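Here are some friendly notes to read alongside the model. Please keep the structure open while you go through the points.

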Amino acid sequence: MKIIIIGAGQVGGTLAENLVGENNEITIIDSDMTILESLQNRLDLQVVCGIGSHPDILKKAGAEDADMVIAVTNSDESNMMACQVAYSLFKTPTKIARVRSEQYIIYQEQLYKHQDIPVDHLIAPEQLVTTAIKRLIDYPGALQVVEFADGKASLVAVKAYYGGLLVGHALSALKEHMPNVDTRVAAIYRRGRPIRPLGSTVIEADDEVFFIADTKHIRAVMSELQKLESSYKRIMIAGGGLIGAGLAKRLEDKHNVKLIEYNAERAQYLSTVLDKAIVFQGDASDASLLSEENVEQVDAFIAVTNDDEANIMSAMLAKRMGAQKAMVLIQRSAYVDLVQGGDIDIAFSPQQATISALLTHVRRGDIVNVHSLRRGAAEAIEAIAHGDESTSKVVGKQIQDIKLPPGTTIGAIVRKDEVVIAHSDTVIQANDHVILFLVDKKFIWDVEKLFQPSALFFG
């Protein structure tokens, strides 16, 4: 595809990196030539220096025959205007905008229509991050939880701990331990490197295990790999921005939520819009404030200010003062691996959540869900199988007979309301939602081709 990316910041640059190696023709627009030159030196792409919503700049970038425009600058208004110009002047088929303001998101049903504001897909990073954190609260002990097929199936990453029932045993023992629960281990990472999971593979302590199961069985499978943690009840949130406020709103009905916000005016506003959460004005890295608010009784301390260092320091302090779990929002994705696993249990990047959502709209074939895993190293995909035995490379075939790219696993199939865990003799049927795990993202193009029916198919 011919794709124009507007904005060469962390999201635009990472997205370009993801797409360049996949037979796409990428042009990236930004007003900062230094950033563009740095990208061009590393990646096989075209660059245009200028303002991405200006017609002459879009024309120079090849908008006249582009398949897609993705506007991910820091300005909502610039992103929306770029989509408007691409639609009005160049009839660009697909237009995607990153929009962060709550006001634009609330009214999205009325605003984003063809002639009004022609944005085909809206990406709201704060909402995506809030949803990701909420899932981690719902499944204590998980490192990452992603859902497929409207939440029917879930892929979960957990760290195997000493004392876990399966540690020291082969994967084949899962079936003996849980005869009534079907699950599939999609991947194992040991000391940062992927291991192909076979029935004979023995799970070791500290392995990062990705498994897929019917969502209702997730906690049962987690209990096999680590001592099951009790549900989080007391939550402390540092930062009352869009993510902190949104998270408090979603958690306050079923959890005891305390929110610390530095800005007095914002704290006052949040105390009026939140019903049950208690809002404090102050510095989340102030040990005396944390002590006063009984941080040692907190099940999860979640730092989501817009300052990476402040998040890291307040979370480390809270953990050392007795908080059970510490989670932090990290804008600079290079920091994520550095901080996760010590005092900080989970670090999450808004860029990765945004990239996952963007990739869902960029993938070819009928790919309806894409999740970036392990900070972008791996990918989980939900693809719909179309066609029949004569027009499809997968329909009517047993999984063992499908030529999957190296390091690719079919974990499960969602067939109407049923979650079918994939085994070698499972046959894929038309309209199945097939969930795949890719250890190496460079084979994504092969997976897309696999799920594209031939030209004879008229679905």
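1. A contact here means heavy atoms within 4.5 Å. By that rule, residues 24 or more positions apart account for 61% of the contacts in the chain with a separation of 6 or more. Before going further, please note that this is a predicted model, in which local features need pLDDT of at least 70 and side-chain atom pairs count only at pLDDT 80 or more, while totals for chains, interfaces and linings use all residues. Residues are numbered from 1 along each chain as its sequence is written, and side-chain values use heavy atoms, with hydrogens and water left out.

2. On overall shape, the C-alpha atoms of the chain fill a box of roughly 65 × 55 × 40 Å along the principal axes. The radius of gyration (taken over C-alpha atoms; the globule rule is 2.2 Å times the number of residues to the power 0.38) is 23 Å, which agrees with the value near 23 Å for a compact globule of 459 residues. Of these 459 residues, 54% count as buried; buried means under 20% relative accessible area, exposed over 50%, and partly exposed in between, with a 1.4 Å probe and protein chains only.

3. The secondary structure comes to 16 helices and 22 strands. Helices (H or I, at least four residues) and strands (E, at least two) are DSSP runs, numbered from the N terminus.

4. Let us begin with helix 1 (residues 10-20), where 8 of the 11 residues are buried. The buried ones are Val11, Gly12, Gly13, Leu15, Ala16, Asn18, Leu19 and Val20.

5. Next come strand 2 (residues 25-30) and strand 3 (residues 46-49), which run parallel and are joined by 4 bridges. Two strands pair if DSSP finds at least two bridges between them. In this pairing, Asp30 stands opposite Cys49 of strand 3. Right-handed means that, with the strands pointing away from the viewer, the path from the first strand over the helix to the second runs clockwise.

6. Which residues cover the two faces of strand 5 (residues 94-98)? Thr94, Ile96 and Arg98 lie on one side, Lys95 and Ala97 on the other, and all are buried. As a reminder, side chains in a regular strand alternate between the two faces of the sheet.

7. Strand 5 also has two parallel partners to look at. Strand 4 (residues 68-71) is joined to strand 5 by 4 bridges, with Val69 opposite Lys95. The chain goes from strand 4 through helix 4 (residues 76-90) to strand 5, and this β-α-β crossover is right-handed. Strand 6 (residues 121-123) pairs with strand 5 in the parallel sense over 3 bridges, and Ala97 stands opposite Leu122 there.

8. Glu126 deserves a look in helix 7 (residues 125-138). With 11% relative accessibility, Glu126 counts as buried. Leaving aside neighbours within four places in sequence, Glu126 is in contact with Arg100, Leu242 and Ile243.

9. For the interior, a nonpolar core is a set of buried Ala, Val, Leu, Ile, Met, Phe, Trp, Tyr and Cys residues joined through side-chain atoms within 4.5 Å. The largest such core has 71 residues, of which Leu155, Phe211, Ile302 and Phe348 touch the most other members. Another core, of 46 residues, lies apart from it, with Ala8, Leu36, Leu39 and Ala385 among them.

10. Helix 15 (residues 350-362) is largely enclosed by the rest of the structure, because 11 of its 13 residues are buried. Its end C-alpha atoms are 19 Å apart, which agrees with the 18 Å that its 13 residues should span at 1.5 Å a residue. The expected span is 1.5 Å times one less than the number of residues.

11. Finally, please check two backbone angles. Most residues other than glycine have a negative phi. Lys416, though not a glycine, has a positive phi of about 55°; this residue is in the loop between strand 20 (408-415) and strand 21 (418-421) and is exposed, with a relative accessible area of 76%. Asn431 has a positive phi near 75°, sits in the loop between strand 21 and strand 22 (433-438), and counts as exposed at 53% relative accessibility.
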